[in-house]
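Me: I'd like to learn how to read a structure like this one, feature by feature. Could you walk me through it?

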Amino acid sequence: MAEEPVAVVGIGQTRHRAARRDVSLAGLVREAALRALADAELTWADIDAVVIGKAPDFFEGVMMPELYLADALGAVGKPMLRVHTAGSVGGSTALVAADLIAARVHTTVLTLAFEKQSESNAMWGLSLPVPFQQPLLAGAGGFFAPHIRAYMRRTGAPDTIGALVAYKDRRNALRNPYAHLHEHGITLAKVQESPMLWDPIRYSETCPSSDGACAMILADRAGAARAPRPAAWVHGGAMRSEPTLFAGKDFVSPRAGKDCAAAVYRQARITDPRREIDVVEMYVPFSWYEPMWLENLGFAAEGEGWKLTESGVTELDGDLPVNPSGGVLSANPIGASGMIRFAEAALQVRGQAGEHQIDGARRALGHAYGGGSQFFAMWLVGSEPPTT
Amino acid sequence: MPQPLRAPLVVEFPFTRSLGPVQSAFLTGLRERTVLGVRTADGRILVPPVEYDPVTADELRELAEVAATGTVTTWAWNPAPRRGQPLATPFAWVLVRLDGADTALLHALDAPGPGAVRTGLRVTVRWAAERTGSITDIACFEPYEGESDPYEGEPDPYERERVPYEHEHEPRPRTAGGHDGRFDDPVTGIVAPARLDYDYSPGRAQSRYLHALAERRTVGERCPSCRKVYVPPRGACPTCGVATAEQIEVGPRGTVTTYCVVNIKAKNLDIAVPYVYAHIALDGADLALHARIGGIPYDQVRMGLRVEPVWTASSRYPDHYRPSGEPDADYEVYKELL
């Protein structure tokens with residue numbers, strides 16, 4: 001028996017901000033969940049199961065927040081589970097929820113991911129004072145900057161590329177009412193003149209620290225038929241992992257990322273992603289990861305990703321827009337960031353992306369990664385149901 | 001073979017919590033010696049209050065004041081209190097259903113011994129002398145000699161027919177006073193310090209590595225399958241999944257494979273900025289270590305730079321690496337180690 005087709009019928013996000021001091025964690029997730037329910041015109045009673053995700057517990061210091069959030073998410077009496085895959089968790093959470101529909105375990109599933117970064121310090125949570133270990137010497141960006149330098153050396157990319165990505169994403173965010181950063185008056189010069197933090201990463205090329213949540217309602221074919229607005233259909237979804245550190249690891253283009261993309265394309269019968277995919281929402285925490293992922297995901301040959309960025313292909317009006325929402329560079333509630341990518345891809349093919357809508361988007365890729373390039377999660381959504 | 005090393009690992013952080021409207025009213029109420037619950041659509045009063053109905057998922061915002069007296073519904077004796085617990089002397093953990101409430105609150109009961117505690121015991125709040133808007137504003141509960149539940153037997157205008165949950169107490173008709181939850185200077189957030197104490201051991205492989213470091217030697221382990229040399233060793237190869245045992249001394253010199261220039265001061269790091277944070281492939285190792293580069297202006301560090309360790313008396317690890325004076329390594333030699 002073939003899998004049940006999976007449809008995204010409801011999407012809700014909070015307005016991501018530096019700090020949401022007006023709400024508890026429960027209040028934050030509730031906001032996104034209610035918006036997704038409203039979008040789908042469903043009620044709590046219509047939901048069969050709840051699948052949530054967030055980054056490690058140390059980020060807010062709430063041990064197993066899923067226990068306490070069950071009330072807020074209408075999960076009492078229903079199956080509820082939590083997914084843990086570091087920064088990619090928003091994506092893998094959505095995929096676990098989608099599998100519950102595809103396997104016909106449930107017909108309507110609420111999936112949600114969140115982070116309230118203002119309640120603690122992610123950098124602290126990731127660099128505990130483990131005895132005998134050398135302390136991390138570089139801070140958050142210091143982990144990523146050497147890999148970016150390796151990319152530049154390997155490809156010969158001019159050092160101007162990163163600023164182009166940041167300038168694009170921050171302008172795109174101005175069209176997205178949910179984005180955290182709305183930098184009116186942003187110019188390329190401002191990005192290029194922002195302080196150099198971890199050379200080659202400048203301040204304006206880094207992601208912010210955000211509070212936010214994102215929710216989706218996934219449904220089966222019958223649910224999609226009843227939905228008041230167009231559905232986004234899941235054509236492919238995959239997760240891959242690899243060790244954080246091993247001899248031979250390619251941090252510039254990790255094998256797990258390539259394999260994950262290949263699995264998604266195979267399911268979705270995509271042979272030429274550059275031509276067949278209309279828009280991409282990818283997890284770009286630091287500007288240079290756009291060209292790096294363009295290669296890793298097969299949109300450009302090795303060493304050629306930066307040329308797509310440089311020539312404007314990834315701009316809102318380019319022929320492969322990347323992160324029309326403004327991306328992680330414009331909002332980063334860590335646990336939610338991957339799900340926001342997945343949700344924004346779905347919004348595009350539903351034609352519901354508002355001012356950052358890409359005209360005629362029919363196929364979109366949502367991408368998430370995390371844990372020092374340890375975990376990858378991706379899905380490809382389309383405006384039409386998959387053909388069986 | 002030397003014993004594996006051990007050391008305490010303390011994970012400690014002052015987490016903050018934004019309370020939202022219901023918890024804000026509850027904790028501010030405690031500061032004012034007022035215990036607030038929240039009323040559900042079916043008329044029950046939940047203490048401590050929650051923001052969303054556990055049954056219907058409805059938003060709950062209607063607050064009600066309950067008494068500071070109540071009844072123990074169950075308990076467990078704690079003979080050896082630990083740091084951070086409500087009382088320093090042995091006490092009972094109790095669930096207390098406050099008069100007017102339908103659910104029980106977890107707290108501590110000050111009692112001389114387990115023989116003095118029973119389910120059904122009448123108790124009252126002992127308020128903390130200094131109250132800040134925290135659950136510890138209730139210092140603990142203490143046995144209470146006064147009247148039985150003053151709400152017992154009163155009709156509850158909100159009570160209506162419903163199916164009791166499993167394990168639920170017999171529905172008791174009672175009332176509790178409505179409360180708007182408004183106080184001057186409300187508490188909107190709290191700091192929740194968390195502390196976890198671990199007894200940490202890095203294991204045999206890393207202990208061998210650390211013992212060698214004490215002699216200023218860097219010793220990795222070679223995978224018997226893929227032949228890669230891991231530094232620091234982990235006792236197993238993450239790619240092949242087999243144990244590693246063959247000790248291989250690497251370095252002391254190495255090659256900078258990539259790096260960044262750090263321009264912002266990291267917390268708790270006493271290093272003047274800017275400085276160079278580099279990945280260094282020690283000669284003979286198959287993956288890079290991370291270390292600081294010194295002894296050269298930061299803007300002259302480059303990929304391929306050959307370096308050697310600089311040890312200090314105070315540090316387990318090389319303090320930093322400095323140029324060795326050799327010619328730069330060719331990119332082809334180290335590109336696989338990037």
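Me: What percentage of the 388 residues in chain A do buried residues make up?

Reply: Some ground rules come with that. This is a predicted model, where local features need pLDDT of at least 70, side-chain atom pairs count only at pLDDT 80 or more, and totals for chains, interfaces and linings use all residues. Residues are numbered from 1 along each chain as its sequence is written, while chains are lettered from A and ligands numbered from 1 in the order in which they are written. A residue is buried if 20 or more other C-beta atoms lie within 10 Å of its own, exposed if 12 or fewer, and partly exposed in between, with C-beta atoms placed from the backbone. In chain A, 62% of the 388 residues are buried.

Me: In what order do the strands of the open sheet of 9 strands in chain A come?

Reply: Strands of a sheet pair through backbone hydrogen bonds, either parallel or antiparallel. Here two strands pair if DSSP finds at least two bridges between them. In chain A the order is β3-β2-β4-β7-β1-β8-β11-β10-β9, and the pairing is mixed. At the edges stand β3 (80-83) and β9 (279-281) of chain A, each with a single partner strand, so one side of each has no neighbour in the sheet. For one pair in detail, take β8 (residues 232-241) and β11 (residues 375-382) of chain A, which are antiparallel over 8 bridges. Within that pair, A:W233 has A:G382 as its bridge partner in β11(A).

Me: Which strands does helix α1 of chain A touch as it packs on the sheet?

Reply: Two residues are in contact if their C-beta atoms, placed from the backbone, lie within 7 Å. Axes are lines fitted to C-alpha atoms, for helices over the stretch in contact, and angles run from 0 to 180 degrees between N-to-C directions. Helix α1 (residues 25-40) of chain A touches β1 (7-13), β4 (108-116) and β7 (211-219) of chain A, and its direction makes about 135° with that of β1(A). Helix α13 (residues 334-350) of chain A runs at about 175° to β10(A), and lies across several strands, including β10 (363-370) and β2 (49-54) of chain A.

Me: Why does A:T108 count as buried?

Reply: A:T108 lies in strand β4 of chain A, and it counts as buried because it has 21 C-beta neighbours inside 10 Å. Leaving out residues up to four places away in sequence, A:T108 touches A:D46, A:I47, A:D48, A:I217, A:A219 and A:G223.

Me: Is helix α5 of chain A largely enclosed or open?

Reply: In α5 (residues 140-155) of chain A, 13 of the 16 residues are buried, so this helix is largely enclosed by the rest of the structure. Just after α5(A), A:G156 takes a positive phi of about 70°.

Me: How many residues of chain A are in contact with chain B?

Reply: On the chain A side there are 41, in contact with 49 residues of chain B. The largest share of the chain A side, 6 residues, comes from α5(A). Strand pairing also crosses between the chains: 2 bridges join β5(A) to β15 (residues 254-262) of chain B, and these strands run antiparallel. The bridge partner of A:W198 in β15(B) is B:V262.

Me: And what is the strand order in the open sheet of 4 strands in chain B?

Reply: The order is β3-β2-β4-β10 (chain B), with antiparallel pairing. The edge strands, β3 (45-46) and β10 (177-179) of chain B, each pair on one side only. Helix α1 (residues 20-31) of chain B lies across β2 and β4 (63-66) of chain B, at about 155° to β2(B).
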